Amino acid sequence: MIPLYHDFTDESVLVFGGGPVGARKARRFAAEANVIVVSPRFEEDDYGDAECVRAEPTPDDVSDWVSRVEPALVVAATPDGGVNDAAERAAQETGALVNRADESAAAGDGDRAARSAVVPATIEDGDVRVAISTGGASPALAKYLRERIESEIDGAGAMAELTGQLRQELRETDYTPDERRAAVRAVVQSPKVWKALRTGESKARQEADRVIRNTVGGER
Ligand SMILES: C[C@@]1(CC(=O)O)c2cc3[nH]c(cc4nc(cc5[nH]c(cc(n2)[C@H]1CCC(=O)O)[C@@](C)(CC(=O)O)[C@@H]5CCC(=O)O)C(CC(=O)O)=C4CCC(=O)O)c(CCC(=O)O)c3CC(=O)O
Ligand SMILES: NC(=O)C1=CN([C@@H]2O[C@H](COP(=O)(O)OP(=O)(O)OC[C@H]3O[C@@H](n4cnc5c(N)ncnc54)[C@H](O)[C@@H]3O)[C@@H](O)[C@H]2O)C=CC1
């Protein structure tokens, strides 16, 4: 499996099953996509901005839903293997991606359905995103690693913003490409800049300018 970041803006995601798992996926995708959840019951507190449609499709009904909604991604999160199988087939027939919540992807690439996608454990800090998958083998491990890495990358979004700005500014100077690279690397490695970004106690920008001066000399 190869990780990709997919932009779901203006796309639809069709979720079958409104239990805890369907609701979690709905919340996740509704941050960006138009999400429709089809389920006979909706007992969770939060489905994000998803549209919840009360229905209990049989396996035969599922492809009609998929043709009508034309989703980019189908999520199969019902406890009914027949419905989830039908959702997977319908997704494949229409060219949509499919995420099965009920079936371990641990079996290995050979046994995974075509067009199948796994939802990773994700950490977001501004434009910085870290996604962790165990290839389906151990979701609990993906969650545990996510919790550990979360504290590691505190401030990364702010660091991305700061160094994004610095990269632009350095392009306008007479520094050579090698010097520019060294300057940006020194900033992202600087414990003082990280500390300034995390605590807001001192000015991160000033600290970064100091690091750049120490690395490649004064203004040019
Ligand atoms: C294949 C995959 C398909 C998919 O859903 O995309 C899948 C499948 C299954 N999960 C199961 C169980 C659990 N899943 C979680 C949690 C998460 N599961 C997520 C993803 C994935 N789960 C995909 C693979 C990801 C990878 O590659 O690692 C996360 C990362 C993302 C998310 O879902 O949002 C989210 C953590 C989010 C976070 O906290 O950051 C917990 C932990 C908990 O709930 O505390 C448990 C209980 C402990 C355990 O079993 O490990 C079962 C057994 C069900 C049963 O026994 O009935 C199956 C089915 C099977 O394995 O057959
Ligand atoms: N991927 C993951 O992280 C996890 C996956 N699972 C798997 O995902 C499945 C769903 O998990 P939960 O939400 O905890 O299950 P759940 O049984 O609590 O909820 C399932 C939902 O599906 C609905 N449903 C039943 N028949 C349906 C149909 N024909 N069409 C549409 N909706 C229907 C039910 O009304 C219920 O709202 C489980 O059966 C399990 O195999 C379970 C735990 C974690």
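**Burial.** I started with the 220 residues of the protein chain, of which 30% count as buried. A residue is buried if 20 or more other C-beta atoms lie within 10 Å of its own, exposed if 12 or fewer, and partly exposed in between, with C-beta atoms placed from the backbone.

**Ground rules.** I noted that this is a predicted model, where local features need pLDDT of at least 70, side-chain atom pairs count only at pLDDT 80 or more, and totals for chains, interfaces and linings use all residues. Residues are numbered from 1 along each chain as its sequence is written, while chains are lettered from A and ligands numbered from 1 in the order in which they are written.

**Confidence.** The protein chain has a mean pLDDT of 93, and 95% of its residues reach 70 or more; pLDDT is the predictor's confidence in each residue, from 0 to 100. For the complex, I wrote down an ipTM of 0.94 and a pTM of 0.88 from the predictor.

**Overall build.** I found eight helices and seven strands in the protein chain. These are DSSP runs numbered from the N terminus: helices are H or I with at least four residues, strands are E with at least two. The radius of gyration is 23 Å, well over the 17 Å that the globule rule gives for 220 residues, so the protein chain is more spread out than a compact globule. That radius is taken over C-alpha atoms, and the rule is 2.2 Å times the number of residues to the power 0.38. Along its principal axes, the C-alpha trace spans about 70 × 35 × 30 Å.

**Proline 57.** I looked for proline 57 and found it in the loop between strand 3 (51-54) and helix 2 (59-69). Is proline 57 buried or exposed? Proline 57 counts as buried because it has 20 C-beta neighbours inside 10 Å. Leaving out residues up to four places away in sequence, proline 57 touches Val38, Val62, Trp65 and Val83; contact means C-beta atoms, placed from the backbone, within 7 Å. Glycine 17 is 40 residues away along the chain, yet its C-alpha atom is 10.0 Å from that of proline 57.

**Ligand 2.** Glycine 17 came up again here: 21 residues surround ligand 2, and the closest are Gly17, Gly19, Val21, Pro79 and Asp102. "Near" means a C-beta atom, placed from the backbone, within 6 Å of the molecule or strand. Helix 1 gives the most to this shell, with three residues.

Methods
Contact = placed C-beta atoms within 7 Å.
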